[in-house]
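Subject: Structure for your review

Dear colleague,

Please find below the structure I am handing over to you, together with its sequence. My findings follow it.

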Amino acid sequence: MPHRPSPPHPAHDIAFAAGGGQMGELLRTLDWAATPLGPLAGWPPALRTTVSIMLGSSHPMYIAWGPGLHLLFNDAYRPILGALADPPENALGKPFHEVWSDVWHQVGPMLNGAMAGVCTHAEDQPFILHRHGYPEQMYATFSVGPVRDEAGAVAGVFCVCTETTRQKRVEERLRLLDTIGKATSIAADAKTIMAEATRLLGQHLDVTRVAYADLEPDNDRFTIRHDWTVEGAFSTVGVYSLDLFGSRATGNLRAGKTLQINNVDTELASGDGYEMFNQIGIKAIICCPLVKAGKLVAMMAVHQRHPRAWSADEVALVEDVVERCWAHIERVRSTEALREADRHKSEFLATLAHELRNPLAPVRNGLELMKLAGGNPVTLANVRAMMERQVSHMVHLINDLLDIARVSSGKLVLKKERAELKTLVALAVETSQPLLDAAGHKLTVRLQEADAVVDVDVVRLSQVLSNLLSNAAKYTPAGGHIAISATVADGQLVIEVADDGMGIATESIASVFDMFTQVGRSIANSKGGLGIGLSLVRRLLELHGGSVTAASPGIGLGSTFTIRLPLAAGGDTARLQAPAEVAQAPAPAARLRVLITDDNHDAADTLRDLLQNDGHETRVAYDGAGALAAAETFRPHVALLDIGMPGMDGYQTARAMRAMPGLENVTLAALTGWGAAEDRARSRAAGFDHHLLKPVVLAELRAMLRQLSA
């Protein structure tokens with residue numbers, strides 16, 4: 001018979017198998033005689049063989065041997081043990097239920113089943129452990145089977161396993177983000193997005209509370225708009241100061257660094273958020289800030305009522321959710337803003353039509369009265385005064401529209417000069433006095449710093465004050481009180497316009513300066529106007545380096561508008577020079593030949609009559625070709641040309657007239673409703689000497705003609 005080699009020594013067998021692993025070396029060198037497994041040399045062949053297989057594998061494996069299910073494992077299994085055994089080799093040879101006491105209620109029946117000959121396989125089995133002192137969920141995929149001895153009896157259990165916690169969390173994270181994305185993408189308002197995102201995240205993480213917060217404009221306060229809570233936990237919705245987190249945490253949040261606290265009592269000191277979190281019964285928190293363009297804009301906080309070791313995956317999940325939640329909220333807010341702007345514009349157009357019809361109605365009635373008056377001088381005088389008031393109102397509306405357009409496009413140029421406060425207020429009061437008197441209001445003026453000097457465009461600042469006084473007059477019941485006061489503080493002139501009128505609701509304060517907005521507009525309380533006066537006030541003040549704010553205790557309790565303007569260089573000591581003597585009224589212009597061209601026959605004819613009344617010789621044309629034909633024979637000193645004529649417009653007419661023999665030196669004046677800087681530049685390029693805005697102010701036209709005749 002061939003020679004059969006004797007079986008290798010058990011210790012040699014194990015040492016050979018363990019040549020590349022720490023656990024094999026430990027198995028070979030450990031004093032097993034002192035363990036329940038007995039001396040290494042006395043291990044049964046089935047155990048030696050299974051250990052060799054285990055140590056030779058790079059896949060996590062363990063053996064639970066004997067009635068006590070004593071634990072043996074390879075190098076790949078060490079990370080699964082983690083902090084349960086530190087170092088992991090301390091678990092070698094110990095009964096399984098001592099090492100894995102947290103999950104024995106789940107694993108014990110499976111191991112006992114294997115000892116009874118039953119094989120078990122499970123995938124992504126969840127377990128709750130305390131590997132780091134806090135509850136932590138893990139997942140594992142494993143196959144458990146019996147190990148039989150030479151007689152066929154079950155002597156132990158062999159398990160091949162893989163911890164799938166990370167993979168499972170990635171899958172769950174992607175699934176949750178997809179669910180949140182679907183739920184929020186169809187949401188039509190910000191509150192629904194917050195509600196769905198916080199609920200889904202809170203249930204997924206099994207936490208006490210999830211809150212979503214926006215940062216206030218001052219960037220020092222945040223408002224929790226919505227929070228989801230488990231049953232029994234209270235809501236934290238409200239406005240809070242960032243200082244509650246403490247300076248260190250607040251600095252990190254502003255820089256976009258997530259605040260992660262596993263145990264409030266051990267990780268936070270007094271003044272660093274310790275008091276705030278304990279007051280609301282929270283022991284662990286993740287607070288993820290969202291920074292856009294270098295500015296903190298939103299936060300999402302996850303609260304747990306007991307200490308918890310947050311994983312990196314959980315922190316990353318909250319960071320993803322707040323980013324996506326904010327993106328969807330901004331989407332619906334933008335949509336809401338567009339919808340609101342569209343509504344405001346529709347209201348504005350309706351109001352514009354209403355406001356223009358209002359003065360047109362009495363003008364039309366006045367024309368009928370003039371027909372019926374039969375030359376009655378009293379009736380004609382009254383009608384003329386009424387028409388002047390109504391036309392002035394229309395001009396005011398149109399000027400507001402033009403001003404807001406110029407400011408919005410950056411085309412308004414300020415003509416600054418030094419002016420005293422008392423002068424500005426006097427001009428504004430003079431403009432607003434008729435409206436104040438008509439409503440029977442009492443105006444109080446208190447100017448402690450009447451001589452304070454500012455560098456401003458006097459016309460525009462008077463317009464600002466007049467708009468505020470007119471606004472107060474319109475929205476204060478008849479017989480009300482209006483006050484304008486001024487002080488100097490911190491190098492600024494502070495002007496307040498206060499009234500005891502209808503007031504402003506708290507939620508509307510922020511929007512009173514928005515374009516096309518009239519707070520509380522209704523048929524019952526409509527006071528006229530286009531809803532652009534306060535917007536114009538704010539923008540004009542911003543051009544001056546100033547500001548305006550509104551305040552009101554509430555509806556029916558009046559309101560106060562506060563202007564702040566920088567004082568002129570020299571501060572309180574700045575003073576104006578004595579005014580120059582007022583010049584005498586100018587003499588009328590000498591007789592001139594004036595050609596008037598406008599496709600609006602009424603405008604052309606009425607202007608002709610006015611100039612003839614001043615003694616000038618006139619001709620009228622209603623289009624460009626007619627103007628050129630008239631100019632050839634009339635030889636005008638001055639040609640007033642409408643720009644927006646059909647066919648040959650004013651620019652073409654001007655160029656053609658300049659090219660006519662004998663008219664090279666004719667004075668050309670453009671008549672137009674466009675008065676921006678580029679409009680004036682275009683008229684100059686076409687050869688115009690002057691640029692007159694419609695409706696033409698007769699005093700300006702007379703001054704121009706007087707200068708030409710000098």
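Ser 683 belongs to helix α20, which covers residues 677-685. Please note that this is a predicted model. Ser 683 has a relative accessibility of 2%, so it counts as buried. Setting aside residues up to four places away in sequence, Ser 683 touches Tyr 651, Ala 670, Phe 688 and His 691. Leu 668 stands 15 residues from Ser 683 along the chain, and the C-alpha atoms of the two are separated by 9.8 Å.

Thr 476 is placed in the loop between α15 (458-474) and β15 (481-489). With 6% relative accessibility, Thr 476 counts as buried because the limit for that class is under 20%. A polar atom of the Thr 476 side chain lies 2.6 Å from the backbone oxygen of Ala 472. Once neighbours within four places in sequence are left aside, Thr 476 is in contact with two histidines, His 441 and His 481.

Which strands are joined to β19 by bridges? One is β20 (residues 617-621), which runs parallel to β19 and is joined to it by 5 bridges. Within this pairing, Thr 597 has Ala 621 of β20 as its bridge partner. Another is β21 (residues 638-642), likewise parallel to β19, with 4 bridges between them. Here Ile 596 has Leu 640 of β21 as its bridge partner. The path from β19 to β20 includes helix α17 (residues 601-613), and these three elements make a right-handed β-α-β unit.

Helix α16 spans residues 533-543. Its buried residues are Leu 534, Ser 535, Leu 536, Val 537, Leu 540 and Leu 541. Just after α16 comes Gly 545, which takes a positive phi of about 80°.

The cysteines also deserve a comment. How many disulfides are there? The count comes to 0. Cys 161 is in no disulfide, and the nearest cysteine sulfur, that of Cys 159, is 4.5 Å away. A disulfide requires the two sulfur atoms to be within 2.5 Å. Cys 161 is buried, at a relative accessible area of 6%. For Cys 287, the closest cysteine sulfur is in Cys 288, and the distance of 7.0 Å is too far for a bond. Cys 287 is buried as well, its relative accessible area being 1%.

Finally, some totals for the protein. The secondary structure consists of 21 helices and 23 strands. The protein has 710 residues, and 45% of them count as buried. Among contacts with a separation of 6 or more, residues 24 or more positions apart account for 62%. The accessible surface comes to about 35400 Å², and carbon and sulfur atoms hold 55% of that area.

Yours sincerely

Note on methods: Residues numbered from 1 in each chain as written. Predicted model: local features only at pLDDT ≥ 70, side-chain atom pairs only at ≥ 80, totals over all residues. Heavy atoms only, no water. Buried < 20%, exposed > 50% of the residue type's maximum accessible area, 1.4 Å probe, protein only. Helix = DSSP H or I, 4+ residues; strand = E, 2+ residues; numbered from the N terminus. Contact = heavy atoms within 4.5 Å. Areas by Shrake-Rupley, 256 points an atom, 1.4 Å probe, with all protein chains shown as cover. Pairing = 2+ DSSP bridges. Right-handed = clockwise from strand over helix to strand, strands pointing away. Polar contact = N/O pair within 3.5 Å; in protein donor to acceptor, adjacent residues only side chain to side chain.
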